[in-house]
Amino acid sequence: MAYSELIKNFSKIREYVSQFYIYGLKTRNEYTAKSARSYDNERRRIESWLGEYMQFRKDGNEKYSFLAMNSRAISHNPLYNAFKAKSFTENDINLHFYILDILAEGEEKSFKEILDSITDDYLSMFENASELDESTVRKKLKEYEKLGLIKSRKQGRELIYSRNDDCVDLENWKEAVAFFSEEDPLGVVGSFILDKYDRAPDDFTFKHHYILHALESEVLEQLFEAMRDHRATQLSIYIPRQDNIREHTLLPLKIYCSTQSGRRYVLGYHYSFKRMVFFRLDNIKKVKICAIDIDFNKHFDNAEKFKCNVWGVSSSSHGGLDHIEMTVFVDENEEFIINRLEREKRYGRIYAIDSHHYRFAADVYDAMEMMPWIRTFTGRISKLECSNQSVVDTFYGDFADMVKMYGGDDNAV
């Protein structure tokens, strides 16, 4: 079969881009155990719209491919191109132009008039043109009405269709659309609008530009749709450590984005676990929208309460809380330490013990998750206590190992 740049299965493209090109850990041989042709087709397809960012390295006889780009120097996310290479049928492309042309210039037509016009004014111009099935045209009209390209109104027992023409002056929105396309969770929409300009503006650069979000756009849109309609979802979750996929039924309630890594998570009520859980969006392979949950508002209120004891995205399976207290030494003219505690405490509390000691206290579902943040105060911590003793043991154990490795004396802390 001839190679095509158009994408039929986006989940496969997402897998190749994220696991192969982003991490650059797998060789061609590791991906061609089942089909070398599939790998070569997907590679050429991706290179057709990411070729300028492709690089290769060799390790012995093995060749590794990966993406190399400076996200701070990129004004427009190139990964959005994947959504612009969707495959279509001959009927799709023909009907697109037939319908929009028939309804041009403010025309209003019934379904029968549209069907007759397609046959008499368009298909009749071609030899051996195949007649279009009525259900095909009807489905296309319904699809375009849902997309907002056309609209309908009732006239007697018939639906009358007309174009939903765009009356927005896009020129005045150029900079806003450029910013939206890179900063909004569904910025892919802005990227499509930017394609309408002769030249997209390059007015913005970003210190933290998480371009991999583009690959999750389809998953995120489906989660937003479920949240809007108060519906449960069936998620196909990839488990990296086990290299398999598990099904989970979840009521999505909130979307979280890490300011450190850029990773995004969905928080929802898990029907089997009967508690709130987080799932990483880049591990979600498929979303199936299910029935309406009449208790959505109750679960949403519980999520609001739940977040008051979450430090990151980890929650205890038993539902209990870890109480943690950290006493920090602050020297003269070091108000910036106090300011940092206040700025980064999240849902914790800060108490002044005396002029040089401040105590941070919090009740969280998983205190071990706080360890990276706690370590940043090494040298100032005069006391660390936690109801989960393994947190304290881990901190002081890691510090003892560090002293053994690098040396130090009693004044090192």
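Colleague: How many residues line the second largest pocket, and which lie nearest its centre?

Modeller: The lining has 23 residues, and Ser258, Gln260, Trp311, Gly312 and Arg346 lie nearest the centre. Keep in mind that this is a predicted model. The volume of this pocket is about 710 Å³. Strand S7, helix H11 (335–344) and helix H12 (371–375) each supply at least two residues of its lining.

Colleague: What classes make up the lining of the second largest pocket?

Modeller: There are 11 nonpolar, six polar and six charged residues. Gly312 is among the residues nearest the centre.

Colleague: What is the phi of Arg346?

Modeller: Phi is near 55°, a positive value in a residue other than glycine. Most residues other than glycine have a negative phi. Lys274 also has a positive phi, about 60°, and is not a glycine.

Colleague: Is Lys274 buried or exposed, and how do you know?

Modeller: Exposed, because its relative accessible area is 63% and the cut-off is over 50%. Lys274 sits in the loop between S8 and S9.

Colleague: How are S8 and S9 joined?

Modeller: Six bridges join strand S8 (residues 264–270) to S9, and the two run antiparallel. At least two bridges are needed for two strands to pair, so S8 and S9 pair.

Colleague: What is the order of the strands in the open sheet of five?

Modeller: The order is S9-S8-S7-S6-S10, with antiparallel pairing. Strand S9 (275–280) and strand S10 (284–292) are at the edges, because each has a single partner strand; one side of each is left without a neighbour in the sheet. From one strand to the next, the twist averages 45°.

Colleague: Which strands does helix H9 lie across?

Modeller: Helix H9 (residues 217–228) lies across strand S6 (231–239), strand S7 (244–257), S8 and S10, at about 70° to S7. Helix H10 (residues 296–306) lies across S7, S8 and S9, at about 75° to S7.

Colleague: What does H9 give to the lining of the largest pocket?

Modeller: Six residues, the most of any element. This pocket holds about 2,300 Å³ of space. Its lining has 45 residues, and Phe83, Lys86, Glu143, Leu147 and Phe192 are the closest to its centre. By class, the lining has 19 nonpolar, eight polar and 18 charged residues.

Colleague: Why does Thr327 count as buried?

Modeller: Its relative accessibility is 6%. Buried means under 20%, so Thr327 is buried. The residue is in strand S11 (residues 322–329).

Colleague: What do S12 and S13 form?

Modeller: A hairpin, with four residues between the two strands. Four bridges join strand S12 (residues 349–352) to strand S13 (residues 357–364), running antiparallel. Arg349 stands opposite Ala361 in S13.

Terms used:
Residues numbered from 1 in each chain as written. Predicted model: local features only at pLDDT ≥ 70, side-chain atom pairs only at ≥ 80, totals over all residues. Heavy atoms only, no water. Axes fitted to C-alpha atoms, helices over the stretch in contact; angles between N-to-C directions. Contact = heavy atoms within 4.5 Å. Buried < 20%, exposed > 50% of the residue type's maximum accessible area, 1.4 Å probe, protein only. 1 Å grid on protein atoms, 1.4 Å probe; cavity = no way out; pocket = protein on both sides within 12 Å on 5 of 7 lines; lining within 4 Å. Points joined across faces, edges and corners; volume = space filled by probe spheres on them. Nonpolar A, V, L, I, M, F, W, Y, C, P; charged D, E, K, R; others polar.
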